[in-house]
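Welcome! Have a look at the sequence and the structure below, and keep them open while you read this short briefing.

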Amino acid sequence: MRFRYSTTDPTQHESDSLPWLPVVLRVGTRAVEAVGLVDSGATVNVLPFELGVELGAVWDDRKAILQVSGSLGRQPAMPLFVIAEIDGLPSAKLAFAWLKQKGVPLIFGQTNFFMEFDACFYRSRLEFDIRPKSPV
């Protein structure tokens, strides 16, 4: 499935485009439409606090056993499993580091987005492909 690079703000120039992926996230009967950054440099999937709340998750400091670092700083995070649906592709169970910090982007990283999907980036064309993982 091919997608266009895009910006998050209409005032941004096309050269600021990134691989933003539209997705539906589900936990039980709750579903949320979102757009996340496909980031091959991110170690883990990151779920913003607001999206977790919309999906019905309840923050528990005792379960915040993950530590997220990098550009997000040293943030405690809770593991949260979510079903991700990308239009035209099979759904996948993704493991997220759910951050209590507000305003962070939804990020699809190595664990485990890139374990469930193959991605090819064509930056010069402002396009990227997402496909289900190939059988081993």
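In which strand does alanine 95 have its place? Turn to this predicted model and you will find alanine 95 in strand β7.

**Around alanine 95**

- Is alanine 95 buried, partly exposed or exposed? Its relative accessibility is 23%, so alanine 95 counts as partly exposed, given that buried means under 20% and exposed means over 50%.
- Setting aside neighbours within four places in sequence, alanine 95 is in contact with Asn45, Leu80, Phe81, Thr111 and Asn112.
- Valine 58 sits 37 residues away from alanine 95 in sequence, and their C-alpha atoms are 16 Å apart in space.

**The chain as a whole**

- The chain has two helices and ten strands, and from the N terminus on its elements run β-β-β-β-α-β-β-β-β-α-β-β.
- A compact globule of 136 residues would have a radius of gyration near 14 Å, and the 15 Å of this chain agrees with that.
- Along its principal axes, the C-alpha trace spans about 45 × 35 × 25 Å.
- Of the 136 residues, 40% are buried.
- The accessible surface comes to about 7800 Å², and carbon and sulfur atoms account for 53% of it.
- If you take the contacts between residues at least 6 apart in sequence, 55% of them join residues at least 24 apart.

**The nonpolar cores**

- In soluble globular proteins, nonpolar side chains tend to be buried together.
- Here, the largest nonpolar core holds 33 residues, and Leu21, Leu25, Ile86, Leu106, Phe108, Phe113 and Ile130 are the ones that touch the most other members.
- At least two residues of this core come from each of β2 (20-27), β3 (30-38), α1 (49-54), β6 (75-85), β7 (92-99), α2 (113-116) and β10 (127-132).
- Apart from this core lies another one, of eight residues, including Val46, Val68, Val104 and Ile107.
- What does leucine 25 touch, not counting residues up to four places away in sequence? Its contacts are Arg30, Ala31, Val32, Ala34, Leu47, Leu51, Leu55, Val82, Ile83, Ala84 and Leu106.

**A sheet of three strands**

- Three strands form an open sheet in the order β1-β10-β9, and their pairing is antiparallel.
- Strands β1 (2-4) and β9 stand at the edges with a single partner strand each, so one side of each has no neighbour in the sheet.
- On average, neighbouring strands of this sheet are turned by 25° against each other, direction ignored.
- Six bridges link β9 (residues 117-122) with β10.
- Two bridge partners to look for in β10 are isoleucine 130, which pairs with alanine 119, and glutamate 127, which pairs with tyrosine 122.

- Most residues other than glycine have a negative phi, and most peptide bonds are trans.
- Leucine 126 is not a glycine, yet its phi is positive, at about 60°.
- Where is leucine 126? Its place is in the loop between β9 and β10, a hairpin with four residues between the strands.
- With 10% relative accessibility, leucine 126 counts as buried.
- Threonine 111 and asparagine 112 are joined by a cis peptide bond with an omega of about 5°.
- Asparagine 112 belongs to the loop between β8 (107-108) and α2, and both Thr111 and Asn112 are among the contacts of alanine 95, where we began.

Key
Residues are numbered from 1 along each chain as its sequence is written. This is a predicted model: local features need pLDDT of at least 70, side-chain atom pairs count only at pLDDT 80 or more; totals for chains, interfaces and linings use all residues. Side-chain values use heavy atoms; hydrogens and water are left out. A nonpolar core is a set of buried Ala, Val, Leu, Ile, Met, Phe, Trp, Tyr and Cys residues joined through side-chain atoms within 4.5 Å. Buried means under 20% relative accessible area, exposed over 50%, partly exposed in between (1.4 Å probe, protein chains only). Contact means heavy atoms within 4.5 Å. Two strands pair if DSSP finds at least two bridges between them. Axes are lines fitted to C-alpha atoms, for helices over the stretch in contact, and angles run from 0 to 180 degrees between N-to-C directions. The radius of gyration is taken over C-alpha atoms; the globule rule is 2.2 Å times the number of residues to the power 0.38. Accessible areas come from the Shrake-Rupley method with a 1.4 Å probe; for residues, only the protein chains shown count as cover.
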